[in-house]
Amino acid sequence: MAKITFITSDGNSTTVEATSGSVMELGVQNKIKGIDGDCGGVCSCATCHVHVNPAQWDKVGSPLEIENDMLEFDENVSEYSRLSCQIKINEKLDGLVLTVAK
Amino acid sequence: MEKSTISDPFKEAREGKGFGKLNDQNDLVTMVLGHKDVRKCAHNWKTFQSGGEEIGRIVIPSEVHIRETRQIPFEVDPPKHKDYRDLLDTWFKRPLEAAYQDRLYQIINDIVDEALSKKTIEVVEEFSLKLQSRALTLLLNVPSKEADLWISWGTHVFRSEDKALDSDKANILYDYIDNQLDIAIKNSKNDLYSILLASEINGKKISKEEAKGVMILTFAGGRDTVINVVTNSIAYFADHPTSLQRLRDEPEILNTAIEELIRYFSPLTQMGRVVTEDTHVCEHAIKAQSRISMCWASANRDERVFENANEVVLDRKLNPHVAFGFGTHNCLGATHTRQIMKILLTVLAHKVKSMKIINCEENIENLDEFDRKVGFKKIQIKFNKR
């Protein structure tokens, strides 16, 4: 079980939990503003872009090349950017705080 | 070669110089072919413009001579593009609502039942065009009977059998939209026409011309493309009954299967842009005021990005395809199209045991250096019940 907090562009903070799936799926299921996941998680749309809390970056890890290439074109990219469809939920992510990019 | 195969005519040029040349009505186009270059150009909307003065020039074949209304938000660049897009996004995300999906399910289920009840069926006219038209009534939120008129227009809004651009056919659509907007002005309803006419951007009401631009885009952009993706899906599953069985056995691959079929089919081959300054693409000099195109179909077969790019891999997990475009101007109708595919594949897997292609006539786009199959002009198929 991992509890994950999403901070959205309107400043709201929502904590939700899951045991499996991707962080994007968790966001979509809980109607987190700015997590659309249009392509369903195949890394083709970048509508699930989040900034990872820098202190927790090691929990999540760096993106693969295909994800990185996608992020490169996003206006709001930071060194802590990830596409949440590519973050698989596991217990290590418990307590993770993500700021939604959109 | 199987009848459903869509080959990649761009490989040699993509892996060599990286671009191709196309003479479109004496207005040359440099076709950008590689995945990375295509995404770079799509991202750079300042140098590669959509919203220039010449309306219709970014479309290939160019519609400069047959259209005076600017398609919105497609032929508008930021920052104004964002105002229009923000206004439209909520409406075009309605396919995510359960009630919309229930109605779309009914439409698709009825069409599949009809196909199963016939000895054989010509899929382009009798299946895909019907499906696309009836589904569009949901997107516009207009009475379902409107679809009968749209179906009577035939498979192409702009194209006829003998010429690529047909202004008479285009005028049928433009006059129809004008008329529908006049009706909405007199009697506002909860349809897209009325919603647009009641909307404001930065305190200014949307004009009838702007609303017309949105409606033309909605009709034209989603017609051939949806018809091709539906027809090509039917042909693919006819040729690959084990893939249909796989959808039954592994329903969890539905999403990756949809994205993969859309990548493989790439129903819109390319989209143009007008170059605003002297620049380079693939180390090739491009002059200001000339045209480039981003060839989505070529980018989606780029082996540097997609392993086994010419194969349909239904469970392809990483699939950064650009079939819905890329960047600012990505496809407004993508949510609707994905729902159509989701329900179509679900119903086919549930009801259809197999399909057999009886005969077909391919639809080939002639692009000077390249001949690309986009789908079928006709395809006769026998549907077999489970």
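Start by selecting chain B: of its contacts (heavy atoms within 4.5 Å) between residues at least 6 apart in sequence, 71% join residues at least 24 apart. This is a predicted model, in which local features need pLDDT of at least 70 and side-chain atom pairs count only at pLDDT 80 or more, while totals for chains, interfaces and linings use all residues. Residues are numbered from 1 along each chain as its sequence is written, chains are lettered from A and ligands numbered from 1 in the order in which they are written, and side-chain values use heavy atoms, leaving out hydrogens and water.

Stay with chain B and switch to a cartoon view. You can look for 14 helices and 12 strands; these are DSSP runs, with helices being H or I of at least four residues and strands E of at least two, numbered from the N terminus.

Now colour chain B by burial. Buried residues (under 20% relative accessible area, with a 1.4 Å probe and protein chains only) make up 59% of its 386 residues. The C-alpha atoms fill a box of roughly 60 × 55 × 40 Å along the principal axes.

Next, move to chain A and select residues 2-7, strand E1, together with residues 13-18, strand E2. Six bridges join these antiparallel strands; strands pair if DSSP finds at least two bridges between them. Click on Phe6(A): which residue in E2(A) is its bridge partner? Thr14(A) is the one to find.

Between E1(A) and E2(A), five residues complete a hairpin, and Gly11(A) in the turn has a positive phi of about 90°.

Definitions and conventions. Buried means under 20% relative accessible area, exposed over 50%, partly exposed in between (1.4 Å probe, protein chains only).
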